[in-house]
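Trainee: Hi! Could you walk me through this one?
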Amino acid sequence: MNLSILYRGPLSSCNYACPYCPFAKRRETPAELAYDRRCLERFVSWVATRTGDSIGVLFTPWGEALIRKWYQSALVTLSSLPHVRKAAIQTNLSCQLDWVDACDKAKLALWCTFHPGETSRERFLAQCRVLLQRGVRFSVGVVGLKEHLAEIEALRRELPAEVYLWVNAYKRQREYYTPEMIADLTRIDPLFPLNNTFHASRGHSCRAGASVIAVDGEGTIRRCHFIPTPIGNIYDPNFADSLYERPCTNDTCGCHIGYVHLDRLKLYDTFGDGVLERIPYGFGESKPFLENLSHAHLSTE
Ligand code: SF4
Ligand code: SF4
């Protein structure tokens, strides 16, 4: 079985205080953290048993997980398993980075979000340089808030050209951007228009629920993070019976970790094996990247 797993355990705390985030500066008790660790270790042990499968994992925590040693250890273990093709995580990149040297860097990947106001650009870029020096594959991204546009432009200027910088559109407010801002952000991230869209999805085929699943700390399987109905549990030996193609039941899909799996958008052509960590295929080698952009269908039909 070829399976991509978006794992989100019970962890829900963060060392940053982004004003738009419910996990800002939220702390957890030692007992809550110990529970998160037990869940994660059980998940990693389960992945280790799936030797007949090809598995990609993306940790999509509520809050910041990579400051916790057990997530660092999980990435070390997962990346070393022969049948794991990718071990990736979303992070604010505030953690120590020594542990990456114990990973198989051919499989490790980081999805790094810059939060202006929570850390300086210089400090964030210094962490990016550490990743580059240590040979870690990573994408960098930022939420496209108007008040951060100058910071985003500076970040793009100062990041090496081979590092993809994605911009997440702020979509909580309709008509948030002027056409000029959209043009500016598209110059920074050619895929910005794709993110600045709620993609019509009801009735459309999607890999979520078949070859891509979301898993929580108890092993409960959902198609994706956006459809709450459980469809099984990975700790049930027969869990694979519940994985099959089915049409999406939501009206729209607006996050990369969802719409990238929507078949009609053909974004696996654009991202290749960088789907989970959000790195377009061939990024840094401009020709293949631009060629594959033509496959991205931006309409909301
Ligand atoms: S770094 Fe991420 S999880 Fe933490 S407060 Fe900011 S948006 Fe929320
Ligand atoms: S299109 Fe989005 S909401 Fe629908 S199943 Fe796929 S990932 Fe989930």
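This is a predicted model: local features need pLDDT of at least 70, side-chain atom pairs count only at pLDDT 80 or more; totals for chains, interfaces and linings use all residues.

Trainee: Okay, which residues are around ligand 1?

Mentor: Ligand 1 has Cys14, Tyr16, Cys18, Cys21, Ala24, Gly63, Asn92 and His115 around it. By class, that shell has 5 nonpolar and 3 polar residues, with no charged ones.

Trainee: And where does ligand 1 sit?

Mentor: In the largest pocket.

Trainee: What space does ligand 2 take?

Mentor: The largest cavity is the space taken by ligand 2.

Trainee: Switching topic: at what angle do helix 4 and helix 5 cross?

Mentor: Roughly 25°, with their axes coming within 10 Å. Helix 4 covers residues 149-158 and helix 5 covers residues 179-188. Because angles under 35 degrees count as roughly parallel, helix 4 is roughly parallel to helix 5.

Trainee: Is that crossing left-handed or right-handed?

Mentor: The crossing of helix 4 and helix 5 is left-handed.

Trainee: Now the backbone. What is phi of Lys25?

Mentor: Phi of Lys25 is near 55°, a positive value in a residue other than glycine. Most residues other than glycine have a negative phi.

Trainee: Where does Lys25 lie?

Mentor: In the loop between strand 2 (12-13) and helix 1 (30-49).

Trainee: And what about phi of Glu175?

Mentor: For Glu175, phi is positive too, near 55°. Glu175 lies in the loop that runs between strand 8 (165-168) and helix 5.

Technical notes
Residues are numbered from 1 along each chain as its sequence is written. Chains are lettered from A and ligands numbered from 1 in the order in which they are written. Side-chain values use heavy atoms; hydrogens and water are left out. A residue is near a molecule or strand if one of its heavy atoms lies within 4 Å of it. On a 1 Å grid over the protein atoms alone, a cavity is a set of points where a 1.4 Å probe fits but cannot get out, and a pocket is an open set with protein on both sides within 12 Å along at least five of seven lines; lining residues have an atom within 4 Å of a point. A molecule sits in a cavity or pocket if more than half of its atoms lie within 2 Å of its grid points. Ala, Val, Leu, Ile, Met, Phe, Trp, Tyr, Cys and Pro count as nonpolar, Asp, Glu, Lys and Arg as charged, and the others, Gly among them, as polar. Axes are lines fitted to C-alpha atoms, for helices over the stretch in contact, and angles run from 0 to 180 degrees between N-to-C directions. Helices (H or I, at least four residues) and strands (E, at least two) are DSSP runs, numbered from the N terminus. Angles under 35 degrees count as roughly parallel, over 145 as roughly antiparallel, 65 to 115 as roughly perpendicular and the rest as oblique. A crossing is left-handed if the near helix is turned anticlockwise from the far one by less than a right angle, and right-handed if clockwise.
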